[in-house]
Amino acid sequence: QVQLVESGGGLVQAGGSLRLSCAASGRTFSGYSMGWFRQAPGKDREFVASITWSGGATYYIDSVKGRFTISRDKAKNTVSLQMNSLKPEDTANYYCAARFGTTGEYRYWGQGTQVTVSS
């Protein structure tokens with residue numbers, strides 16, 4: 001059974017930092033790219049960042065460029081999202097996801113971890 005389990009969310013003041021982690025288990029994730037998405041109350045889920053299997057390419061939504069960094073540890077099957085200079089508009093439930101290759105739908109999803117940024 002494939003599982004993606006996020007951790008690291010919490011409450012932080014604007015300008016602060018959080019590091020989210022996602023632990024993947026239940027299958028071999030060789031060839032899988034990993035992504036982070038978020039959903040704020042009353043809004044659609046949006047893409048935040050992704051990283052290829054090799055880690056050689058990363059992608060970010062414009063609003064987090066320069067503030068967030070995605071990374072992965074293939075040996076441990078984990079992916080992290082370092083979030084700096086947090087803003088109240090970053091408040092959302094953050095989800096980890098996995099897909100084979102670099103295109104198409106994300107097949108596996110975690111349950112999410114809440115990030116709340118106070119002003």
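User: Before turning to this predicted model, which criterion decides that two strands pair?

Analyst: Two strands pair if DSSP finds at least two bridges between them. In this predicted model, β1 and strand β3 (residues 18-25) are joined by 5 bridges and run antiparallel.

User: Which residue in β3 is the bridge partner of L4?

Analyst: The partner of L4 is A24, which lies in β3.

User: What is the strand order of the open sheet?

Analyst: The open sheet has 4 strands in the order β1-β3-β8-β7, and the pairing is antiparallel. Its edge strands are β1 (3-7) and β7, each of which pairs on one side only. On average, neighbouring strands of this sheet are turned by 15° against each other, with direction ignored.

User: How should I read empty space within a structure?

Analyst: The general idea is that rolling a probe the size of a water molecule over the atoms shows where empty space is left. In the present case, the count is 1 cavity of 30 Å³ or more. The volume of the largest cavity is about 50 Å³.

User: Which residues line the largest cavity?

Analyst: Its lining is formed by A24, F29, M34, W53, R72, D73, K74, N77, T78 and V79. The elements that contribute two or more residues to this lining are β7 (68-73) and β8 (78-83).

User: How many residues of each class does the lining of the largest cavity have?

Analyst: By class, the lining comprises 5 nonpolar, 2 polar and 3 charged residues.

Note on methods: Residues are numbered from 1 along each chain as its sequence is written. This is a predicted model: local features need pLDDT of at least 70, side-chain atom pairs count only at pLDDT 80 or more; totals for chains, interfaces and linings use all residues. Side-chain values use heavy atoms; hydrogens and water are left out. On a 1 Å grid over the protein atoms alone, a cavity is a set of points where a 1.4 Å probe fits but cannot get out, and a pocket is an open set with protein on both sides within 12 Å along at least five of seven lines; lining residues have an atom within 4 Å of a point. Grid points are joined across faces, edges and corners, and a volume is the space filled by probe spheres set on the points. Ala, Val, Leu, Ile, Met, Phe, Trp, Tyr, Cys and Pro count as nonpolar, Asp, Glu, Lys and Arg as charged, and the others, Gly among them, as polar. Axes are lines fitted to C-alpha atoms, for helices over the stretch in contact, and angles run from 0 to 180 degrees between N-to-C directions.
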